[in-house]
Every structure is written in C-alpha cells, then in structure tokens.
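Dear colleague,

I am passing on the structure we spoke about, and below it you will find my notes on what turned up when I went through it. Please read them with the structure open beside you.

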Amino acid sequence: MKKAVYLKKVPLFAEIKGGDMRRLAKIGGVQTYSEGEKIFDENTSGDRLYIVLSGQVKIFTSSGQKKKTLAYLEKGEFFGEMSLIDMELRSASSTATKDSELFMIKKKDFKHLIARYPSISLQIMKTLSKRLRQADKEIESLTYGDVLGRVAKLLIDFSKKYGESTDSGQRIKMSLPHREIAEIAGTGREVVTRILNRFRKMHCITCDKKYLTIIDQTKLGQFAR
C-alpha cells in the first residue's frame with residue numbers, strides 16, 4: 001500500500017489534502033524495525049518525528065538497572081516530537097515491541113509542514129496535553145496510591161485498550177511479563193509476582209503462559225480506587 005494511503009488515516013495529518021498529502025509521502029521515509037529492536041536512546045539528539053504505521057513501540061526511561069515504561073504507541077500515534085520543538089536531547093528511549101513500520105519526517109521538513117498546516121501544531125498540543133494529564137495521574141498514584149492499587153488500575157486500563165471478550169472474562173491480548181508490569185507500575189518484579197498471585201487467589205484474574213484474563217473486574221476495581 002502506498003505511503004499516502006497510510007498517512008490519510010493518521011489523525012495528525014487529517015487536514016492535509018490531495019497533492020500536499022502526496023508531497024508529504026515523498027518527503028518522509030519508511031523504516032522497519034524488528035521486535036525488540038531499539039529506535040533511539042534517551043539523552044541523544046533528535047532530528048525526526050516518527051509515526052507508527054504498523055506494529056507497536058514502547059517509550060521508556062531508565063536509570064541504572066531500573067526502567068520505567070511511559071507508554072505503548074500503536075498505529076496512527078506519533079513520538080519524537082519534543083526534541084524537534086524544544087531542541088533538547090531525547091527525554092526517553094524507544095524500542096519496537098512488535099515488528100513495526102514507522103514513517104519518519106526530518107526536522108527541517110517538520111518545521112515547513114507545521115508552518116503550512118497550523119492544525120498539525122494544534123493536534124500535537126492536544127496530544128502533549130493528554131500525555132501530561134496522564135503523567136500527572138501517574139505521579140499522583142505513585143505519591144498517594146499503594147502499589148496494589150497501581151497494579152490493579154494498570155490491568156484494568158490495559159484490558160480496556162488491549163482486551164477482548166472471552167467466555168472466561170476480558171483477556172488482555174498483549175504479553176505482560178511481571179518485569180514489564182513492574183516497570184509500568186514503578187515497583188519491583190517480586191512485588192508484582194506477589195500481587196498477581198493474590199489477585200489469582202481472590203479469583204480476580206487468571207494467567208496462562210502468554211495472556212492475562214480479568215475474570216472479575218468489579219472486585220479488581222475495588223483495589224484501583
């Protein structure tokens with residue numbers, strides 16, 4: 001499928017029409033990344049904007065051996081914009097968590113694009129505001145909430161975004177190792193293992209080798225308040 005056809009479905013470019021969309025497709029490049037492949041590191045210079053055409057990308061920060069997962073981005077979502085706006089180093093790292101295809105726009109072309117289409121700037125501002133609100137909620141949870149509640153809320157949020165209904169309950173169609181849950185919740189892997197075991201014993205969740213299923217969301221939600 002041609003790049004222009006893909007890009008028409010990206011909310012960031014909703015106002016771009018006809019010939020301009022074709023020109024946009026020409027100035028940008030497409031890069032494929034294999035599952036587990038690094039895209040960029042934090043504290044490095046950023047010179048391009050990335051849009052996910054397919055697959056999934058994880059955004060995270062690290063300090064020593066500790067990691068904190070900030071977001072998972074999928075088709076139509078973008079990242080890497082902050083360094084193009086404030087000219088600072090990358091504030092986070094990114095890696096492909098599935099085989100992914102990304103559309104990339106260089107800094108010079110990005111500046112020309114937002115000058116021609118102010119709606120792109122507005123869309124970026126809306127997305128940044130949404131991410132900031134989410135970060136505020138996470139800070140509040142880390143400051144005032146307990147780790148049991150954070151893990152419960154994480155599971156419920158993931159079931160809403162990645163879940164599918166089954167006879168057993170809401171299955172999260174995404175691999176969530178204990179280490180990964182710990183990185184998102186801001187705690188240790190051993191703590192997550194104990195919490196998940198507790199949720200299983202309370203018949204809130206079940207786990208198979210690959211996926212986790214929420215079988216009693218009401219009971220699990222009592223911990224997420």
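In what follows, two residues are said to be in contact when heavy atoms of the one lie within 4.5 Å of heavy atoms of the other. Please also keep in mind that this is a predicted model.

With that cut-off, Lys68 touches Ile59, Phe60, Thr61, Glu138, Glu183, Ile184 and Gly186, leaving aside residues up to four places away in sequence. Lysine 68 belongs to strand β5, which spans residues 66–73, and is buried, with a relative accessible area of 16%, where under 20% counts as buried.

One of the sheets is open and has 4 strands in the order β1-β8-β3-β6, paired in the antiparallel sense. Its edges are formed by β1 and by β6 (78–79), each of which has a single partner strand, so that one side of each is left without a neighbour in the sheet. Strand β8 (residues 100–106) has 5 of its 7 residues buried and is therefore largely enclosed by the rest of the structure. Strand β1, residues 29–33, is joined to β8 by 5 bridges, while β3, residues 48–54, is joined to β8 by 6 bridges. Phe103 in β8 is the bridge partner of Val30, and Phe103 is also the bridge partner of Ile51. Between β3 and β6 there are 2 bridges, again antiparallel, and Tyr50 stands opposite Phe79 in β6. Helix α4, which covers residues 107–116, lies across β3 and β8 and runs at about 75 degrees to β8.

Strand β10, residues 170–172, is connected to β12 by 3 bridges in the antiparallel sense, with Ile172 standing opposite Leu212 in β12.

Which residues have the most contacts inside the largest nonpolar core? That core has 26 residues, and the ones in question are Leu155, Phe158, Leu196, Phe199, Ile205 and Leu220. At least two residues of this core come from each of α6 (147–162), α7 (178–185), α8 (189–201) and β12 (212–214), and the largest share, 8 residues, is supplied by α6. Apart from this core lies another, of 21 residues, which includes Ile51, Leu53, Phe78 and Leu113. To return to Leu220, this residue touches Ala152, Leu155, Ile156, Phe199, Cys204, Ile205 and Ile214, not counting residues up to four places away in sequence.

Finally, there is the packing of two helices. The axes of α7 and α8 come within 8 Å and cross at roughly 105 degrees, which means that α7 is roughly perpendicular to α8. On the α7 side the residues that meet α8 are His178, Arg179, Ile181 and Ala182, and their counterparts in α8 are Arg189, Val192, Thr193 and Leu196. Sorted by class, this contact of α7 with α8 has 4 nonpolar, 2 polar and 2 charged residues.

With best wishes

Methods:
Residues are numbered from 1 along each chain as its sequence is written. This is a predicted model: local features need pLDDT of at least 70, side-chain atom pairs count only at pLDDT 80 or more; totals for chains, interfaces and linings use all residues. Side-chain values use heavy atoms; hydrogens and water are left out. A nonpolar core is a set of buried Ala, Val, Leu, Ile, Met, Phe, Trp, Tyr and Cys residues joined through side-chain atoms within 4.5 Å. Buried means under 20% relative accessible area, exposed over 50%, partly exposed in between (1.4 Å probe, protein chains only). Two strands pair if DSSP finds at least two bridges between them. Axes are lines fitted to C-alpha atoms, for helices over the stretch in contact, and angles run from 0 to 180 degrees between N-to-C directions. Angles under 35 degrees count as roughly parallel, over 145 as roughly antiparallel, 65 to 115 as roughly perpendicular and the rest as oblique. Ala, Val, Leu, Ile, Met, Phe, Trp, Tyr, Cys and Pro count as nonpolar, Asp, Glu, Lys and Arg as charged, and the others, Gly among them, as polar.
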